[in-house]
Amino acid sequence: MASLKFLSIFIVYFAILLGFVNSQGLELGFYKKTCPNLEAIVKKAVADFVSLDPTLAAPLLRMHFHDCFVRGCDGSVLLNSTKSNKAEKDAIANLSLRGFQVIDAAKSALEKQCPGTVSCADILALVARDAVSLINGPTWQVPLGRRDGRVSVLSEATTNLPTPFDNFTTLKTRFGALGLNVKDLVVLSGGHTIGVSHCFSFGSRLYNFTGKGDMDPNMDKNYIAQLKTKCKPNDVTTTVEMDPGSFKTFDTDYYTLVSKRRGLFVSDATLLTDKQTRTYVSAQLSSNGSTFFEDFGVSMVNMGKIGVLNGKSGEIRKRCAFIN
């Protein structure tokens with residue numbers, strides 16, 4: 001038993017050390033000499049699309065999130081399925097992702113100026129940042145140097161991605177396993193200030209929360225009544241704004257909604273069940289969200305360090321949807 005305990009401790013220590021080494025492999029100005037116009041090129045590509053369709057910002061942000069939570073931030077969410085393998089992109093949680101054309105446009109422009117240099121994983125990290133910034137959100141410096149993974153497995157996305165139905169314990173475990181803390185959890189949840197959700201992601205809260213035809217007592221009754229006018233039982237097609245009235249603008253309204261028990265998901269409501277996350281929600285309300293933008297940038301950088309490939313690991317894809 002003692003030897004097993006030692007082995008477990010060693011494995012955990014090695015995993016932490018590996019994560020530290022990987023994160024240290026990223027740096028600001030990584031492409032300063034090899035592709036100096038990288039960030040300007042990516043920002044233009046994002047602006048060309050988001051200026052015409054601001055609703056793309058939310059799925060682009062979510063795409064980076066979903067990439068990092070499965071196999072680390074290695075661009076695996078961008079890969080297409082093959083005849084012999086179903087990729088992450090085809091997991092149910094990823095079917096509503098949009099904006100892959102933005103990534104492709106940025107990659108195409110970069111390949112013309114800096115062929116074989118910039119990874120799709122790095123492009124995705126920059127695209128997420130620029131998409132948020134372009135809809136009045138914060139900006140932050142993105143450490144770069146990720147390489148692209150060669151593996152993408154649908155079942156891993158199904159298993160590892162947080163879900164709208166997760167309670168606090170599950171969320172804390174999922175985030176903690178990747179080196180993210182409770183503050184990162186509550187801050188990154190604030191990304192729900194933009195975008196829409198399908199009714200099936202929260203429909204049980206309206207109609208059948210415990211399997212007895214009941215409503216979720218942790219959701220505001222008046223809000224439930226409003227949502228029922230849009231979402232009928234077993235509705236799998238209708239979408240609803242996650243932050244009604246400003247779902248195209250990155251702001252601090254999400255925490256106001258959560259405090260009023262008007263977050264769409266169980267994973268939103270659960271932020272009021274833990275002292276630390278509840279305190280953060282209250283702090284953003286009392287200060288008009290004075291720290292949220294800065295906090296969001298910090299947590300995005302933290303998330304962007306998860307399981308990165310660098311050095312000679314992985315590859316630099318020529319096309320983001322296909323391994324070389």
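At what angle do helix α4 and helix α5 pack, and how far apart are their axes? I shall open with that question. Please bear in mind throughout that the model before you is predicted.

Helix α4 spans residues 100–113 and helix α5 spans residues 120–134. Their axes lie 10 Å apart, and the two helices pack at an angle of about 120°. Since the roughly perpendicular range ends at 115 degrees, α4 is therefore oblique to α5. The crossing of α4 past α5 is right-handed. On the α4 side, the residues involved are V102, I103, A106, K107 and L110, and they meet C120, I123, L124 and V127 of α5. Sorted by class, this contact comprises 8 nonpolar residues, no polar ones and 1 charged residue.

I41 belongs to helix α2, which covers residues 38–50. Is I41 buried or exposed? Its relative accessible area is 15%, and because the limit for a buried residue is under 20%, I41 is buried. Apart from neighbours within four places in sequence, I41 contacts A106, A109, L110 and Q113. For a sense of distance, consider I41 and V258: 217 residues separate them in sequence, and their C-alpha atoms are 37 Å apart in space.

How many of the residues of α8 are buried? The count is 7 of the 8, so α8 is largely enclosed by the rest of the structure. The buried residues are V182, D184, L185, V186, V187, L188 and S189. Among the elements that cover them are α7, α11 (253–259), α13 (275–286) and α14. Two of these, α7 and α14, deserve a description of their own.

First, α7, which runs over residues 168–177. The axes of α7 and α8 come within 9 Å and cross at roughly 105°. The pair is therefore roughly perpendicular. F168, L171, K172 and F175 represent α7 in this contact, while V182, D184, L185 and L188 represent α8. In terms of class, the contact of α7 with α8 holds 6 nonpolar residues, 2 charged residues and no polar ones.

Next, α14, formed by residues 292–303. Here the axis of α8 comes within 9 Å of that of α14, and the crossing angle is roughly 115°. The range for roughly perpendicular runs from 65 to 115 degrees, which means that α8 is described as roughly perpendicular to α14. The crossing of α8 past α14 is left-handed. From α8, the contact draws on K183, D184, V187 and L188; from α14, it draws on F292, D295, F296, S299, M300, N302 and M303. The residues of this contact divide into 6 nonpolar, 2 polar and 3 charged.

Where does H192 lie? It is found in the loop that joins α8 (182–189) to β1 (196–198). An unreviewed UniProt entry places the feature "binding site" at H192. With 22% relative accessibility, H192 counts as partly exposed. Setting aside neighbours within four places in sequence, its contacts are M242, D243, Y254, F265, S267 and D268.

Most residues other than glycine have a negative phi. N136, although not a glycine, has a positive phi of about 75°. N136 sits in the loop between α5 and α6 (154–160), and at 56% relative accessibility it counts as exposed. R261 is likewise not a glycine and has a positive phi of about 60°. R261 is placed in the loop between α11 and α12 (266–269), and its relative accessible area of 35% makes it partly exposed.

I close with the wider annotation. The unreviewed UniProt entry assigns "domain: Plant heme peroxidase family profile" to residues 25–324. That span is 42% helix and 2% strand, and its end C-alpha atoms lie 23 Å apart.

Terms used:
Residues are numbered from 1 along each chain as its sequence is written. This is a predicted model: local features need pLDDT of at least 70, side-chain atom pairs count only at pLDDT 80 or more; totals for chains, interfaces and linings use all residues. Side-chain values use heavy atoms; hydrogens and water are left out. UniProt positions are given in the numbering used here, feature names are shortened, and annotations may be inferred rather than shown by experiment. Helices (H or I, at least four residues) and strands (E, at least two) are DSSP runs, numbered from the N terminus. Buried means under 20% relative accessible area, exposed over 50%, partly exposed in between (1.4 Å probe, protein chains only). Contact means heavy atoms within 4.5 Å. Axes are lines fitted to C-alpha atoms, for helices over the stretch in contact, and angles run from 0 to 180 degrees between N-to-C directions. Angles under 35 degrees count as roughly parallel, over 145 as roughly antiparallel, 65 to 115 as roughly perpendicular and the rest as oblique. Ala, Val, Leu, Ile, Met, Phe, Trp, Tyr, Cys and Pro count as nonpolar, Asp, Glu, Lys and Arg as charged, and the others, Gly among them, as polar. A crossing is left-handed if the near helix is turned anticlockwise from the far one by less than a right angle, and right-handed if clockwise.
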